[in-house]
Amino acid sequence: MITVSTHDGFFHADEVFALAVISLWVKKTGDEIKIIRSRERAVFEKAQIVVDIGEVNDPATNHFDHHQPGGAGKRENGIPYAAVGLVWKHFGEKITSKEAAERVEKKVVMPIDAIDN
């Protein structure tokens, strides 16, 4: 079981799509996913993957947040990353081909990130 944590409260498109991407990756690994929704650090830091909360973007530790001061970087075209962009950047080619990942980035992920930011 792979635990994934995101914030509680209202859903936003960036974390919903990020969780969907992670769910596809987890399914591909043959494992199952458990999603925890909490803003309490002691709760969400226990998860194996943390999305859109925690003010840390570190793919090496599976933390994907863009809310830290200065954000979590921008694409070459200037669009900042939101949660789905950070997750897609890390997992996209693990769940599909490079060509498909690039198309999804341009048609789905980048517009969601642009709206969220």
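**Ground rules.** I'm working on a predicted model, where local features need pLDDT of at least 70, side-chain atom pairs count only at pLDDT 80 or more, and totals for chains, interfaces and linings use all residues. Numbering runs from 1 along each chain as its sequence is written, and side-chain values use heavy atoms, with hydrogens and water left out.

**Core.** I get 22 residues, and Val4, Ile22, Ile49, Val51, Val87 and Phe91 have the most contacts inside it. At least two residues each come from β1 (2-6), α1 (13-29), β3 (49-51), α3 (83-95) and α4 (98-116). Helices (H or I, at least four residues) and strands (E, at least two) are DSSP runs numbered from the N terminus. α3 gives the largest share, seven residues.

**Val51.** Skipping neighbours within four places in sequence, I find Val51 in contact (heavy atoms within 4.5 Å) with residues including Val4, Glu15, Ile22, Phe64 and Val87.

**Glu15.** Which side chain of opposite charge is nearest to Glu15? I find Arg37, 4.5 Å away; Glu15 is buried yet has no salt bridge (Lys or Arg side-chain nitrogen within 4 Å of an Asp or Glu carboxyl oxygen; Lys and Arg count as positive, Asp and Glu as negative, His and chain ends not counted). Glu15 sits in α1, and among its contacts beyond four places in sequence are His7, Val51 and Asp52.

**Phe11.** I place Phe11 in the loop between β1 and α1.

Terms used: A nonpolar core is a set of buried Ala, Val, Leu, Ile, Met, Phe, Trp, Tyr and Cys residues joined through side-chain atoms within 4.5 Å. Buried means under 20% relative accessible area, exposed over 50%, partly exposed in between (1.4 Å probe, protein chains only).
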